[in-house]
Number of protein chains: 2
Amino acid sequence: MPTRLPNETPLRAPGSMELDPSGEGVAIEETRRLIASSKVEGTPVFNRAGEQLGAVYNFMVDKISGQVAYVVMSFGGFLGIGESYHPLPWRALTYDTGLGGYVVDIDKDRLADAPRYGADEDPFRDDEYGAQVDAYYRITPTS
Amino acid sequence: MPTRLPNETPLRAPGSMELDPSGEGVAIEETRRLIASSKVEGTPVFNRAGEQLGAVYNFMVDKISGQVAYVVMSFGGFLGIGESYHPLPWRALTYDTGLGGYVVDIDKDRLADAPRYGADEDPFRDDEYGAQVDAYYRITPTS
């Protein structure tokens with residue numbers, strides 16, 4: 001979309017690059033700390049080895065507290081199946097400013113068997129689903 | 001979108017209606033506490049008198065902390081101008097489960113002169129913009 005700025009704001013704030021000195025894999029709109037909810041889709045998700053596992057499909061946000069509770073990661077044929085979605089507890093992720101994406105701070109074997117669902121499913125309609133996801137992952141402190 | 005559920009999840013969790021006993025003005029997908037980032041657009045925003053002022057255009061999310069920092073509210077011709085967007089600090093809003101939307105906990109006259117921008121503007125590109133918005137609103141504790 002067009003990004004013309006109002007006259008009263010400079011094109012870029014002095015500190016706006018600090019969160020991503022490399023800029024690799026990061027669109028201009030994503031070199032800042034705040035991201036629009038409409039633009040989270042596609043943010044890459046990596047494992048701790050720096051290999052991309054998938055991309056953000058959406059965030060599941062607590063509309064009362066405003067805290068992102070889960071990041072839903074989409075896979076294109078990952079694990080040999082069609083596109084599927086893996087909900088990841090927010091606390092299982094860390095944002096890597098160098099990579100310009102999220103890093104899943106969990107064991108790969110645990111992720112392989114993790115809860116996932118198809119494009120035509122909406123398991124979060126069940127308020128208990130989040131608890132099932134939390135129970136599956138042994139959340140490690142974010143580094 | 002289709003909302004067929006995986007077999008292992010019931011159609012609705014026992015407590016899933018608790019956050020919205022009335023259900024008024026709330027789509028099925030929004031009767032739960034978590035909302036997908038792709039579905040926040042259109043959530044109504046009311047003043048403290050219960051009058052709708054506008055609707056959510058998007059959330060500005062801190063991608064490091066996962067906390068929603070600003071709710072951008074869209075107006076269709078509000079104040080006699082074309083569609084414009086008002087960024088509201090998260091702390092200036094409370095979610096009303098009965099109304100099924102957010103309530104702006106600020107004086108109407110302050111909102112009338114509040115920072116706003118057009119559809120072709122992207123002021124949050126300037127990392128200082130949020131601070132300007134915060135400075136404009138005298139944030140009151142959320143009730």
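## A buried phenylalanine in chain A

Let's begin with Phe124(A), which counts as buried because its relative accessibility is 3%, under the 20% cut-off. This is a predicted model, so please read each value here as computed from predicted coordinates. Phe124(A) sits in the loop of chain A that runs between strand 8 (117-118) and helix 2 (129-136).

Leaving out residues up to four places away in sequence, Phe124(A) touches Met60(A), Tyr70(A), Val72(A), Pro87(A), Tyr117(A), Tyr129(A) and Gly130(A) in its own chain, and it also touches Arg32(B) and Leu34(B) in the other. Pro87(A), one of these partners, is 37 residues away from Phe124(A) in sequence, with a C-alpha to C-alpha separation of 9.4 Å.

## Chain A as a whole

Chain A holds two helices and eight strands. Read from the N terminus, its elements follow the order β-β-β-β-β-β-β-α-β-α. The chain has 143 residues, and 50% of them are buried.

## The nonpolar core

Which residues touch the most other members of the largest nonpolar core? They are Phe59(A), Leu88(A), Phe59(B) and Leu88(B), in a core of 64 residues. In soluble globular proteins, nonpolar side chains tend to be buried together.

Setting aside neighbours within four places in sequence, Phe59(B) contacts Ile35(A), Ala36(A), Ser37(A) and Val61(A) from chain A. From chain B, its contacts are Val40(B), Val68(B), Tyr70(B), Val71(B), Trp90(B) and Tyr102(B).

## The largest pocket

Next comes the largest pocket, with a volume of about 210 Å³. Eleven residues line this pocket, and those nearest its centre are Arg33(A), Leu34(A), Asp62(B), Tyr70(B) and Asp127(B). By class, the lining consists of five nonpolar, one polar and five charged residues.

Asp62(B), among the residues nearest the pocket centre, belongs to strand 3 of chain B. Is Asp62(B) buried or exposed? With a relative accessibility of 12%, Asp62(B) counts as buried, since the limit is 20%. Beyond its neighbours within four places in sequence, Asp62(B) is in contact with Arg33(A), Leu34(A) and Gln67(B); Arg33(A) and Leu34(A) are also listed nearest the centre of the pocket. For a sense of distance, Asp62(B) and Ala119(B) lie 57 residues apart in sequence, and their C-alpha atoms are 21 Å apart.

## Two buried residues in chain B

His86(B) is part of strand 5 (residues 84-89) in chain B. Its relative accessible area is 0%, and therefore His86(B) is buried. Not counting residues up to four places away in sequence, His86(B) touches Val71(B), Val72(B), Met73(B), Phe75(B), Leu111(B), Ala114(B), Pro115(B), Arg116(B) and Tyr137(B).

Asp126(B) is located in the chain B loop between strand 8 (117-118) and helix 2 (129-136). Asp126(B) counts as buried because its relative accessibility is 2%. Along the chain, 40 residues separate Asp126(B) from His86(B), and their C-alpha atoms are 16 Å apart.

## An arginine in a loop of chain B

A last stop is Arg48(B), in the loop of chain B between strand 2 (44-46) and strand 3 (52-62). What does Arg48(B) touch, not counting residues up to four places away in sequence? Its partners are Val103(B), Val104(B), Asp105(B), Ile106(B) and Asp107(B). Asp107(B) is 59 residues from Arg48(B) in sequence, while the C-alpha atoms of the pair are 8.8 Å apart.

Note on methods. Residues numbered from 1 in each chain as written. Chains lettered and ligands numbered in written order. Predicted model: local features only at pLDDT ≥ 70, side-chain atom pairs only at ≥ 80, totals over all residues. Heavy atoms only, no water. 1 Å grid on protein atoms, 1.4 Å probe; cavity = no way out; pocket = protein on both sides within 12 Å on 5 of 7 lines; lining within 4 Å. Points joined across faces, edges and corners; volume = space filled by probe spheres on them. Nonpolar A, V, L, I, M, F, W, Y, C, P; charged D, E, K, R; others polar. Helix = DSSP H or I, 4+ residues; strand = E, 2+ residues; numbered from the N terminus. Buried < 20%, exposed > 50% of the residue type's maximum accessible area, 1.4 Å probe, protein only. Core = buried A, V, L, I, M, F, W, Y, C linked by side-chain atoms within 4.5 Å. Contact = heavy atoms within 4.5 Å.
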